Amino acid sequence: MNYSEKDKKYIWHPFTQMQEWENDDIVVIDRARGNYLYDVNGKKYFDGVSSLWVTLHGHCHPYINRALRRQLKKLDHSTLLGLSNAPAIELAEKLIALAPRGLARVFYSDAGSTAMEIALKIAYQYWQQDKNKKYKTKQKFLTLSEAYHGDTIGSVSLGGVAMYHAIYKPLLFKTIQIPTPYRHYGHEPDLKTAVAVLEKTLRKHYRELAALVLEPLVQGAAGIYTAPAGYLAAARRLCTKYNVLLICDEVAVGFGRTGTMFACTQEKVAPDILAAAKGLTGGYLPLAATLTTEKIYNNFKGKFESLRTFYHGHTYTGNPLACRAALASLELFRKERTLVKVNKNIALLKEGLKKFTAIPQVKQARQCGMIAALELP
């Protein structure tokens with residue numbers, strides 16, 4: 001039995017109709033180098049999706065490989081429950097230095113979904129244990145239609161892509177949802193109107209809203225919907241005005257995808273909570289981080305019997321190997337001037353997209369940094 005046959009016999013793939021998979025020829029990857037993947041038969045493939053938006057510097061980068069080999073000789077894993085480790089501490093310090101100003105604390109997990117699950121639980125608990133008891137009514141979340149925030153029940157509740165989420169509706173908690181103002185085919189957003197809708201909703205519901213949740217600049221899974229310039233900054237201003245937390249899901253758009261380390265910084269926005277994952281380790285190991293302000297962090301402090309602790313955690317939280325890979329990846333941004341190169345490529349991509357818009361079958365081209373989409377019939 002070859003690898004293809006064994007795969008079809010034993011593995012259940014994500015987001016995949018397995019009946020069709022079992023009847024198709026499949027590609028089994030054996031190795032990778034730079035921008036290319038190689039299957040078990042030696043055939044070469046260009047990794048156009050960066051292995052699902054995670055491989056930032058190319059596969060098997062020598063610098064990250066060396067960093068991991070050094071770490072393997074020292075420490076493979078140690079729990080953060082009751083202990084700490086050097087790579088987790090170093091990475092937290094680095095992330096705070098790079099993140100939008102005001103973010104001060106890092107809570108680790110292992111994927112974008114869990115980072116967002118943590119974000120919503122922190123936001124909820126923050127208001128529930130505030131000294132001002134009137135805030136106990138702040139138990140709901142304001143979301144955008146077409147949003148995608150992950151696959152755990154909490155993150156699915158925040159989402160709005162029916163194809164992925166409709167079947168689980170009986171399991172989900174209710175949110176207050178407004179139509180997405182992000183640009184897509186047949187919908188050219190008007191910033192003034194979009195901001196007016198957001199403010200009207202916040203004005204009506206702020207007493208019951210814990211947070212506004214959005215993907216800054218781009219809604220990825222929706223179909224690469226792009227935000228009107230200024231919407232993110234307006235959302236920050238209005239959340240402050242109505243005392244609602246702002247949660248930014250940077251899982252897909254962080255680490256240079258939009259041309260800056262974090263998408264929020266393009267509109268000089270500092271959210272109250274930021275979720276990061278995907279490219280954090282340069283595509284090497286599962287790792288995610290949820291960043292919060294010191295104000296939020298302080299609201300969880302107290303004596304043990306106060307039960308203000310954030311009772312959430314993962315077995316591999318702050319895994320030293322994953323954190324070391326992330327540190328090496330972030331160091332490569334500096335050493336190789338990655339963002340400078342990214343912005344040159346953004347300009348090249350913009351020029352290249354113009355060629356496609358001349359094709360009758362292409363209804364629209366959308367771009368935000370290195371993220372782009374062609375709308376077809």
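## The largest pocket

The largest pocket is lined by 46 residues. Nearest its centre lie Phe15, Ser51, Leu52, Trp53 and Lys278. A pocket here is an open set of points on a 1 Å grid over the protein atoms alone, where a 1.4 Å probe fits, with protein on both sides within 12 Å along at least five of seven lines; lining residues have an atom within 4 Å of a point. The elements that give two or more residues to this lining are strand S3 (44–46), helix H3 (50–53) and helix H6 (112–128). H3 gives the most, with three residues. Helices (H or I, at least four residues) and strands (E, at least two) are DSSP runs, numbered from the N terminus.

The volume of the largest pocket is about 1600 Å³. Volume means the space filled by probe spheres set on the points, which are joined across faces, edges and corners. The lining has 28 nonpolar, twelve polar and six charged residues. Ala, Val, Leu, Ile, Met, Phe, Trp, Tyr, Cys and Pro count as nonpolar; Asp, Glu, Lys and Arg as charged; the others, Gly among them, as polar.

## About the model

This is a predicted model: local features need pLDDT of at least 70, side-chain atom pairs count only at pLDDT 80 or more, and totals for chains, interfaces and linings use all residues. Residues are numbered from 1 along each chain as its sequence is written, and side-chain values use heavy atoms, with hydrogens and water left out.

The domain assignment gives domain 1 (1–47) and domain 2 (65–334). Such bounds come from an automatic or database assignment. The domain centres, taken over C-alpha atoms, are 32 Å apart. Each domain gives at least three residues to the lining of the largest pocket.

The second largest pocket holds about 840 Å³ of space. Both domains give residues to its lining, so this pocket lies between them. It is lined by 27 residues, with Ser50, Thr55, Leu56, Arg257 and Met370 nearest its centre. Helix H13 (338–357) is one of the elements that give two or more residues. H13 has the largest share, six residues. By class, the lining has twelve nonpolar, eleven polar and four charged residues.

## Cysteines

The structure holds zero disulfides. A disulfide is a pair of cysteine sulfur atoms within 2.5 Å. For Cys239, the nearest cysteine sulfur is that of Cys248, 8.6 Å away. For Cys264, the nearest is also that of Cys248, at 3.5 Å.

Cys239 is buried, at 1% relative accessibility. Cys264 is buried too, at 0%. Buried means under 20% relative accessible area (1.4 Å probe, protein chains only); exposed is over 50%, and partly exposed is in between.
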